[in-house]
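Here is a short report for a first look. Keep the structure in view while reading.

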Amino acid sequence: MTGGKNTTRLSRSFLYGILSALAAWATLMLADAIDEYILRQESLLGAAVFFILPIAMLVIYIRHYRKNIPSWKNLILWFVGYCLAYIPTWIVIFDCVNKRRFFIEQHQASGILDLNGIEYMFYGCSTLIAFVALCIIYHVIRLIISLFKKS
């Protein structure tokens, strides 16, 4: 009976990782859509989300971690699910933006150098690398604190 519960928890962790990656991309795309259609800016809101999203995701991650204290297997499966959904989504979105097939039309800037749409490359880096790095830092700090408490 416990093996079944453990398998269910592991598969939920994997699924939650996938859903978190899709939620991150949905947030980034919503910010870009507001920039393009409402604000008529290249990346005003998108730039803010670019910096805020990894920190917001870390706060949610820490809250969930402290509430549930998942096993290392669950954590690894969550990050595997997150990366397996996040990276292919990033590739597809970036490819569509570059080929002008993305459903959020990237308006052309009137300047000499038009970088509109390139923000998706930076969005991907920030939310993947920064978020994972912040999580690692969080766990290292927790480990150091636990070692000090033992001694």
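Leu 15 is partly exposed, at a relative accessible area of 42% (buried is under 20%, exposed over 50%, partly exposed in between; 1.4 Å probe, protein chains only). Leu 15 sits in helix H1, residues 2-39 (helices are DSSP runs of H or I, at least four residues, numbered from the N terminus).

## How the model was read

This is a predicted model: local features need pLDDT of at least 70, side-chain atom pairs count only at pLDDT 80 or more, and totals for chains, interfaces and linings use all residues. Residues are numbered from 1 along each chain as its sequence is written, and side-chain values use heavy atoms, leaving out hydrogens and water.

## A buried asparagine

Asn 74 lies in helix H3, residues 72-98. Asn 74 counts as buried, at 9% relative accessibility. Beyond residues up to four places away in sequence, Asn 74 touches Arg 9, Leu 10 and Ser 13 (contact: heavy atoms within 4.5 Å).

## The nonpolar core

The largest nonpolar core has 31 residues. Such a core is a set of buried Ala, Val, Leu, Ile, Met, Phe, Trp, Tyr and Cys residues joined through side-chain atoms within 4.5 Å. Among those with the most contacts inside the core are Trp 25, Tyr 61 and Phe 131.

Methods
Helices (H or I, at least four residues) and strands (E, at least two) are DSSP runs, numbered from the N terminus.
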